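Colleague: I am new to this structure and would like a friendly tour. Please put the sequence and model up, and I will ask as we go.

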Amino acid sequence: MQDVKRKFIWEEMSYLERWWKDASESKRESLVNLVKNGQLEIVGGGWVMNDEANSHYFAIIEQMLEGNMWLKDTIGAVPKNAWAIDPFGYSPTMAYLLRRMGFENMLIQRTHYELKKELALHKNLEYIWRQSWDAEETTDIFVHMMPFYSYDIPHTCGPEPAICCQFDFARMHGFSYELCPWGQHPVETNSENVRERALKLLDQYKKKSTLYRTNTLLVPLGDDFRYISIDEAEAQFRNYELLFDYINSNPSLNAEVKFGTLEDYFRTLRDEADRINYSLPGEIGSGQVEGFPSLSGDFFTYADRQQDYWSGYYVSRPFFKAVDRVLEQTLRATEMLMALLLGYCQRSQCEKLPVGFSYKLTAARRNLALFQHHDGVTGTAKDHVVRDYGTRMHTSLQDLQIFMSKAIEVLLGIRPEKADQNPSQFEPEQVRSKYDVQPVHKAISAREGTFHSVVFFNPLEQTREEIVMVIVNRPDVTVLDSNWTCVESQISPELQQNKSRVFTGKHRVHWKVSVPALGLQTYYIANGFGQCEKAKPAKIKFFSQSTSIHCPTPYACSKAEGDVAEIQNRHQTLTFDVRHGLLQKIIFRNGSQNVVGEEIGMYSSWGSGAYLFKPNGDAQSIIEAGGLMVIVEGHLMQEVSSYPRTTWEKPPVSHSTRLYNGDNTIQQLLIEKEYHVELIGPDFDDKELIVRYKTDINNKRVFYSDLNGFQMSRRETYDKIPLQGNYYPMPSLAFMQGSNGQRFSVHTRQSLGVASLKEGWLEIMLDRRLVRDDGRGLGQGVMDNRPINVVFHILIESNISFIPSLGSNNFPLSPSLLSHCVGAHLNYPLHTFIAKKSLELSVQPPPRSFSPLAAPLPCDLHIVSFKVPRPLKYPQQPPEDSRFILLLQRRHWDSSYCRKGRSQCTSVADEPVNLFYMFKGLAVLNAKETSLNLLHEDTQILGYTEQFGDVAQEGHVLISPMEIQAYKLELRPPHQ
């Protein structure tokens with residue numbers, strides 16, 4: 001406080017909020033003053049410094065918003081510079097989101113060491129990051145890449161760590177940090193040694209400056225777990241002040257050095273770049289900042305030395321990578337229901353339920369945000385920290401589901417407004433008993449003469465036709481819609497992952513539902529309703545050399561013969577190799593076919609750890625001939641379940657393949673694969689499990705994988721780098737395309753790692769179990785594996801207007817419209833609730849549904865989120881404040897595939913959508929554009945094209961493909 005020359009930066013709000021809670025009033029005031037006078041800069045200001053490989057863009061926006069909103073509301077600051085020194089590789093999605101949040105500059109560090117060398121050679125370590133689709137420079141953001149191995153002090157003052165370490169004054173005797181490993185240690189600066197020390201330091205600065213274009217140099221001064229005492233901070237400041245004073249008082253040295261924030265650095269650099277043009281001849285630059293090259297692409301896969309590629313963390317702790325996405329979709333759905341409750345609410349009584357939930361909602365937002373940390377969703381935390389993350393997410397999931405159960409009652413007109421304390425008569429259809437176990441389906445027990453209500457919430461922006469499934473205790477049931485009309489259904493036995501006892505004794509009911517966009521629909525499971533046909537039992541076949549299977553009632557079972565088994569629906573037939581239980585090929589209705597060649601394999605890896613993937617050789621197939629295969633054939637769902645034989649008594653994997661039949665459903669066009677993985681016990685130490693599809697698509701070892709569920713990136717497999725360097729993140733989608741335009745896509749509902757190591761092959765890692773620490777700071781292996789279910793939706797498409805030149809350029813391809821729909825359905829599933837009690841058939845309730853949209857949105861327009869950002873303040877805020885927000889994204893899709901995507905697509909967003917008339921029975925008022933972190937009303941600085949700025953007058957929203965746009969608005973019933 002006393003010395004205004006001293007500066008500091010702070011990044012993560014989750015920690016600042018904890019400090020703030022306990023700080024005295026005077027300390028808080030001091031902090032605010034330091035921020036105001038520019039001595040303390042909040043950089044990034046997200047809840048955490050998020051991972052960029054496994055994080056979904058919804059969660060990245062969420063964590064930035066949570067931190068930035070807290071910062072603005074509490075301290076009054078708006079960040080403009082991002083600081084991401086520790087994520088293991090970087091995604092252009094982050095650059096895009098930051099630009100649209102009003103950030104001006106960003107700093108990154110962990111990129112491939114060869115890439116740093118290459119960029120340094122041409123002085124391109126500072127550049128403009130531009131999105132691959134952007135032809136108009138609207139996404140440009142200035143980036144500083146740090147040049148060396150690490151962000152610690154030995155690697156930030158210059159190229160020689162042995163010298164730089166001597167200027168880390170917290171390593172002097174008397175502090176708890178390790179001494180310099182190079183043998184020369186820091187000493188206190190005094191009048192005798194200041195000249196020699198200052199010249200030595202300045203020499204490092206000068207050498208480092210040759211890697212950059214300008215005369216402005218950044219030297220970060222910090223490390224992990226530092227500045228824990230005033231004495232430590234004092235040691236750094238005191239010594240550096242003496243060194244700086246010496247340099248600054250000697251004009252012959254031609255240098256000026258001072259403490260600064262990131263803002264000080266970027267402002268000085270931009271001022272210099274305004275005066276002097278540093279552009280190289282023929283270089284493509286940017287209007288944003290003159291003098292620097294514009295670059296596009298991403299920074300995966302990261303290697304920090306030799307062959308140490310950080311592709312292991314794409315898969316580490318896959319159980320929690322899955323929970324992350326379940327929490328994300330549950331939070332998104334809850335926010336929507338809360339916004340709808342408040343929008344339709346006309347008096348303070350009905351505000352009680354949503355406003356009363358505010359604290360738990362904030363906790364859920366923060367628990368999701370916290371897990372986006374670069375040691376959270378990455379799977380690179382210590383076991384006890386993983387337990388803490390898991391417990392937090394589990395608690396929030398339960399809170400959100402309880403709220404949703406109450407909210408659907410209000411929206412369906414069942415719940416009296418005053419009863420916000422009463423428990424709901426509904427419960428989620430899937431429940432988790434503990435933070436680290438898979439969810440289980442609640443079984444419905446409908447006695448003779450009774451029925452059970454089932455309510456579905458559709459969190460997507462289009463009406464949804466879908467085959468759904470619930471578990472019942474008795475097979476003789478009937479399904480009815482909310483008008484009490486018969487719905488045809490299928491009954492099949494519930495299976496479990498136990499070869500000796502395949503059937504649980506319960507039953508699965510499948511039927512087709514239709515649920516309005518953002519709406520609710522009710523169905524009934526009845527027992528003894530005579531006017532309708534009962535659910536039709538599926539036929540069961542099994543292939544087994546050894547085990548005999550007890551056939552459950554009321555099913556007809558038969559033992560199948562031959563080497564090949566088939567299941568089929570209207571669009572495709574799947575053939576399986578019976579001896580190994582693996583999918584072989586797909587035959588389409590028009591007679592064309594594709595080899596799929598499913599293989600399940602295992603890498604042995606003694607060098608791998610939580611971060612690194614270091615296999616010894618290729619993966620070996622683990623499936624032996626002679627497992628058990630159960631085939632369920634019904635008119636709505638057909639399934640092959642495989643319990644393979646392996647060298648281990650308890651195989652690490654079993655799996656199911658499903659086809660669906662349902663008019664107008666997207667499911668009828670895809671193949672569902674579900675792998676049950678248990679990589680548990682010492683048998684699987686230092687093993688990494690993969691599934692591989694060996695197709696006949698000639699992709700030339702080029703494939704496309706997504707970045708953060710937001711955009712695609714082109715990937716090419718190179719022989720010059722090791723196998724682990726050819727693995728890439730797969731948060732939600734990977735596809736290969738052949739020269740004939742055929743596409744093989746795999747959609748996933750959780751982040752994993754993917755590669756295409758040979759022509760036509762696509763392999764995905766499912767789980768990894770590693771004994772050793774890989775020397776990157778975790779200090780342990782990854783041995784806390786849990787049973788997991790990994791679900792893929794596989795899609796094979798042929799294009800209708802193939803343009804051969806597409807494959808040759810390096811721009812990423814986009815998914816088809818159908819592919820986008822498949823991904824949305826998998827990542828934003830229907831939320832299912834069942835009544836806790838059954839009712840007598842004589843009590844027929846009135847039709848119950850809820851449909852808030854005036855019309856479904858165009859198929860390529862996605863509601864990223866629709867919510868009330870500050871629910872606790874809602875009752876006090878005037879409606880002029882526009883208390884709701886809507887984030888819309890326009891998806892970019894490849895039009896060389898079927899335009900309507902063979903989905904039930906009615907329109908695409910070429911025409912403007914009118915926000916004012918979006919909702920049924922709700923007026924939209926006070927609409928205005930805002931930044932993605934809601935902090936900037938001046939949309940000029942965000943880089944959008946002109947059309948963004950006129951929503952308030954006309955309500956027209958026109959979004960360019962790939963863009964995400966945020967609107968603040970007010971909702972109220974029209975007669976108010």
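**Loops, helix, strand and disulfides**

Colleague: In which loop is Pro554 found?

Modeller: Helices and strands here are DSSP runs numbered from the N terminus, a helix (H or I) having at least four residues and a strand (E) at least two. The peptide bond from Thr553 to Pro554 is cis, with omega near 0°. Pro554 sits in the loop between β20 (539–544) and β21 (557–559).

Colleague: Before we go on, what kind of model is this, and how are its residues numbered?

Modeller: It is a predicted model, where local features need pLDDT of at least 70 and side-chain atom pairs count only at pLDDT 80 or more, while totals for chains, interfaces and linings use all residues. Side-chain values use heavy atoms, with hydrogens and water left out, and residues are numbered along each chain as its sequence is written, from 1.

Colleague: Thanks! Which residue has a cis peptide bond coming from Phe300?

Modeller: The bond leaving Phe300 has omega near 0°. Its other residue belongs to the loop between β7 (294–295) and α10 (318–344). That residue is Thr301.

Colleague: What is the relative accessible area of Gln306?

Modeller: Gln306 lies in the loop between β7 and α10, and its phi is near 40°, a positive value in a residue other than glycine. Buried means under 20% relative accessible area, exposed over 50% and partly exposed in between, using a 1.4 Å probe and protein chains only. Gln306 counts as exposed because its relative accessible area is 57%.

Colleague: And Asn664: is it buried, exposed or partly exposed?

Modeller: Asn664 is in the loop between β30 (653–660) and β31. Its phi is positive, about 65°, although Asn664 is not a glycine. Its relative accessibility is 36%, so Asn664 is partly exposed.

Colleague: Let's turn to helix α2. How far apart are its end C-alpha atoms?

Modeller: The expected span of a helix is 1.5 Å times one less than its number of residues. Helix α2 (residues 25–36) has twelve residues, so it should span 16 Å. The model agrees with that, its end C-alpha atoms being apart by 17 Å.

Colleague: Within what arc do the buried residues of α2 fall?

Modeller: Arg28, Leu31, Val32, Leu34 and Val35 are the buried residues of α2. They line one face of the helix, because seen down its axis (taking directions from the axis to the C-beta atoms) they fall within an arc of 160°.

Colleague: What do those buried residues pack against, and which exposed residues are on the face turned away?

Modeller: The buried residues of α2 pack against α1 (13–22) and β2 (40–42), where contact means heavy atoms within 4.5 Å. On the face turned away from the buried side are the exposed residues Glu25, Glu29 and Lys36.

Colleague: Why is strand β40 called largely enclosed, and which strands run antiparallel to it?

Modeller: Nine of the ten residues of β40 (residues 788–797) are buried, so the rest of the structure largely encloses this strand. Two strands pair if DSSP finds at least two bridges between them. Among the pairings, Ile671 has Ile794 of β40 as its bridge partner, and Ser745 stands opposite Leu795. Seven bridges join antiparallel β40 and β31 (residues 671–677), and six join β40, again antiparallel, to β37 (residues 743–748).

Colleague: How many residues apart are Cys486 and Cys532?

Modeller: Cys486 and Cys532 form a disulfide (a pair of cysteine sulfur atoms within 2.5 Å), with their sulfur atoms 1.9 Å apart. The angle about the S-S bond is -80°, and the link is left-handed. It ties distant parts of the chain, from Cys486 in strand β15 (residues 486–487) to Cys532 in the loop between β18 (520–527) and β19 (536–537), the separation in residues being 46.

Colleague: Which handedness has the link of Cys551 and Cys557?

Modeller: The sulfur atoms of Cys551 and Cys557 are 1.9 Å apart, forming a disulfide. The angle about their S-S bond is 75°, and the link is right-handed.

Colleague: Last one: how far is Cys821 from the nearest cysteine sulfur?

Modeller: The structure holds five disulfides, but Cys821 is in none. Cys821 is buried, because its relative accessibility is 10%. The nearest cysteine sulfur belongs to Cys859, at a distance of 5.7 Å.
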